[in-house]
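Please look at the charged residues in this protein. Where do they sit, and what do they pair with?

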Amino acid sequence: MKLDLTGKRAFVTGSSGGIGQAIAIALANAGADVVIQYYSDKEGAGKTLAEIGPETRTMVVGGDVSDPSIVEQWFDQIDSEWGGLDIFVNNAGIDGERQTVTDSVIEDWEGVISINLLGGYYGIRQALKRMVPKKSGVILSVTSVHEKIPWAGQSAYCASKAGISMLTQSLALEVSDQNVRVLCLAPGAIKTDINKDVWTDEEQLDDLHSKIPMNRMGEVDEIGNLAVALVSDQAGSYVTGTTIFADGGMVTYPSFASGG
Ligand code: BGC
């Protein structure tokens, strides 16, 4: 079976780098038209575009996912230029400053929530307004193993990812009978700029590996290709209201490999 997204119009937020970029490229390689979104990294968006190449129909939009009116403008633009949307990938996110709840700065905590959780909600809401009436569409949110695994110093990040997961599960109860699928893809430690400080430091990388039963970090293409499968009708048609983990086994409590 060859996964084929020909004729599907996809919008990937946060696709100027990292996992979002890989997803945008993988969707295009599978035949989809792709809207690339960036916040400040215009050059990164240009790289995504260049990698996708001129055979694919593309659009590039820039701005802040945590501004609901800007998000609405992007969807309106897609409507007017492409006549609608079939796949929405809610990917844009940040991990924020590492700080304990006790010592946290309110603006920092709110910043993570407003981009990851509220920003995700704004995009999902706009996608639904288009997909529910035509009774067709897929909304894939890129969460994290930290929708499930608690992380000291990253409470806002964990709360935002768990929030998107519960939003998605609740939403599945609202739209599953209308042929709109909603699901999450939860990557583990994927080698990107977000965790560069860890994988460039031997001691921190060893510690990270000890948390991954497969004993290695993931590559962005492993997430991009999985995203294609999940949004495709061929492989993903019966998947909704759930999270698929792609984490080398990170959520399996690896410290229990011995003892207990
Ligand atoms: C974070 C990475 C981290 C990984 C595993 C991801 O959600 O963005 O920084 O390496 O989770 O902890």
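Why does Lys 135 count as partly exposed? Lys 135 counts as partly exposed because its relative accessibility is 46%. Buried means under 20% relative accessible area, exposed means over 50%, and partly exposed is in between (1.4 Å probe, protein chains only). Lys 135 is found in the loop between α4 and β5 (137–142). Helices (H or I, at least four residues) and strands (E, at least two) are DSSP runs, numbered from the N terminus. Lys 135 is not a glycine, yet its phi is positive, at about 50°.

Asn 179 also has a positive phi, about 65°, and is not a glycine. Its place is the loop between α5 and β6 (180–187). Asn 179 counts as exposed, because its relative accessibility is 51%.

## About the model

This is a predicted model: local features need pLDDT of at least 70, side-chain atom pairs count only at pLDDT 80 or more, and totals for chains, interfaces and linings use all residues. Residues are numbered from 1 along each chain as its sequence is written, and side-chain values use heavy atoms, with hydrogens and water left out.

## Salt bridges

How many salt bridges does the rule give? The count comes to eight. A salt bridge is a side-chain nitrogen of Lys or Arg within 4 Å of a carboxyl oxygen of Asp or Glu.

One of them joins the side chains of Arg 57 and Asp 33, at 2.9 Å from N to O. Arg 57 lies in the loop between α2 (42–52) and β3 (58–62), and Asp 33 lies in strand β2 (residues 33–38), so the pair ties together parts that are 24 residues apart in sequence. Arg 57 is partly exposed, at 37% relative accessibility. Asp 33 is buried, at 13%.

Asp 76 and Arg 130 meet through their side chains in a salt bridge of 2.8 Å, N to O. Asp 76 is in helix α3 (residues 68–82) and Arg 130 is in helix α4, so this pair ties together parts that are 54 residues apart in sequence. Asp 76 is partly exposed, with 38% relative accessibility. Arg 130 is buried, with 15%.

Glu 222 and Arg 216 also form a salt bridge between their side chains, 2.9 Å from N to O. Glu 222 is partly exposed, at 37% relative accessible area. Arg 216 is partly exposed too, at 36%. Salt bridges that share partners also join Arg 9, Asp 86 and Lys 134 into one network.

Lys 161 sits in helix α5 (residues 155–175).

What does Lys 161 touch? Leaving out residues up to four places away in sequence, Lys 161 touches Asn 116, Val 142, Thr 143, Ser 144, His 146 and Glu 147. Contact means heavy atoms within 4.5 Å.
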